[in-house]
Each structure stands twice: as structure tokens, then as C-alpha cells.
Amino acid sequence: MAKRKASVCTTDCVACGCCMKVCPRSAITISGGIYAAVDEELCVGCGKCAKECPASVISMREVTA
Ligand code: SF4
Ligand code: SF4
């Protein structure tokens, strides 16, 4: 079954934490204070983080589970 997961372009992430604040599943952490990391086990693919990101570096990708 196809599911959506958030994917962060880590090189362009500015570590603002906006995505982390809106995630209903607490699936995002700021790794080492440098970039956002998504826990794919927790991510339910709602897309809120991607909408919130001021740098537009989060994309939603289809994954097969
Ligand atoms: S898509 Fe939704 S659940 Fe997944 S990391 Fe973004 S805000 Fe969290
Ligand atoms: S909102 Fe965007 S720029 Fe900010 S920490 Fe999340 S992925 Fe990085």
C-alpha cells in the first residue's frame, strides 16, 4: 500500500523548527541543531510540516509499505 512520508532536503534546511512545532505526531527532531530529521515510523504523511516550512525544503514522497 502506498503511503506518503515527509522528506527533508537536509542541506537546505535552516533548522528553524517550524515543522517540528506543527507535527501532530512529534515525528520531527532537529538533528544536532543542524537539520530536521523525520522519523518515518511516526510520520503519518499529513503534509502539515511541508506547508509550514519557510524554506520549502520538505517534500512529500510516496513510499510502498
Ligand atoms: S507529514 Fe505530518 S506526521 Fe509526517 S512529519 Fe510532517 S507533520 Fe509530521
Ligand atoms: S521548517 Fe523547514 S527549514 Fe525549518 S527546520 Fe523544518 S525543514 Fe528545516
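Me: What makes a residue part of the shell around ligand 2, and which are the closest?
Reply: A residue is near a molecule or strand if its C-beta atom, placed from the backbone, lies within 6 Å of it. By that test 14 residues surround ligand 2, with Cys13, Cys16, Cys18, Cys19 and Cys53 as the closest. Keep in mind that this is a predicted model, where local features need pLDDT of at least 70, side-chain atom pairs count only at pLDDT 80 or more, and totals for chains, interfaces and linings use all residues. Residues are numbered from 1 along each chain as its sequence is written, while chains are lettered from A and ligands numbered from 1 in the order in which they are written.

Me: How does that shell divide by class?
Reply: Ala, Val, Leu, Ile, Met, Phe, Trp, Tyr, Cys and Pro count as nonpolar, Asp, Glu, Lys and Arg as charged, and the others, Gly among them, as polar. Around ligand 2 that gives twelve nonpolar residues, one polar and one charged.

Me: And what surrounds ligand 1?
Reply: Again 14 residues, the closest being Ala6, Cys23, Cys43, Cys46 and Cys49. Sorted by class, they are ten nonpolar, two polar and two charged.

Me: What makes a group of residues a nonpolar core, and which residues form the largest one?
Reply: The group has to be a set of buried Ala, Val, Leu, Ile, Met, Phe, Trp, Tyr and Cys residues joined through C-beta atoms within 7 Å. Buried means 20 or more other C-beta atoms within 10 Å of the residue's own, exposed means 12 or fewer, and partly exposed is in between, with C-beta atoms placed from the backbone. Twelve residues make up the largest core: Ala6, Val8, Cys19, Cys23, Ala27, Ile28, Ala36, Val38, Cys43, Cys49, Cys53 and Ile58. In soluble globular proteins, nonpolar side chains do tend to be buried together.

Me: What does Ala6 touch?
Reply: Contact means that two C-beta atoms, placed from the backbone, lie within 7 Å. Not counting residues up to four places away in sequence, Ala6 touches Val38, Cys43, Cys49, Ala50, Ile58 and Met60.

Me: Which helices and strands are there, and in what order?
Reply: Helices (H or I, at least four residues) and strands (E, at least two) are DSSP runs, numbered from the N terminus. The protein has two helices and four strands, running β-α-β-β-α-β from the N terminus.

Me: Why is the protein called as compact as a globular one?
Reply: Its radius of gyration is 11 Å, close to the 11 Å the globule rule gives for 65 residues, so the protein is as compact as a globular protein of that length. The radius is taken over C-alpha atoms, and the rule is 2.2 Å times the number of residues to the power 0.38.

Me: How do you know that S2 and S3 pair?
Reply: Pairing takes at least two bridges found by DSSP, and S2 and S3 have four, in the antiparallel sense. Ile28 stands opposite Val38 in S3. The two strands form a hairpin with three residues between them, and Gly32 in the turn has a positive phi of about 60 degrees. On S3, Ala36 and Val38 make a covered face, and Tyr35 and Ala37 an uncovered one.

Me: Why is Ser26 called exposed?
Reply: Ser26 has 9 C-beta neighbours inside 10 Å, so it counts as exposed. Ser26 is in the loop between helix H1 (18–22) and strand S2 (28–31), and its phi is positive, near 50 degrees.

Me: Is Ser56 buried or exposed?
Reply: Exposed, because Ser56 has 10 C-beta neighbours inside 10 Å. Ser56 lies in the loop between helix H2 (48–52) and strand S4 (58–64).

Me: And what makes Glu52 partly exposed?
Reply: Glu52, in helix H2, has 15 other C-beta atoms within 10 Å, so it is partly exposed. Leaving aside neighbours within four places in sequence, Glu52 is in contact with Cys18, Cys19 and Val22.
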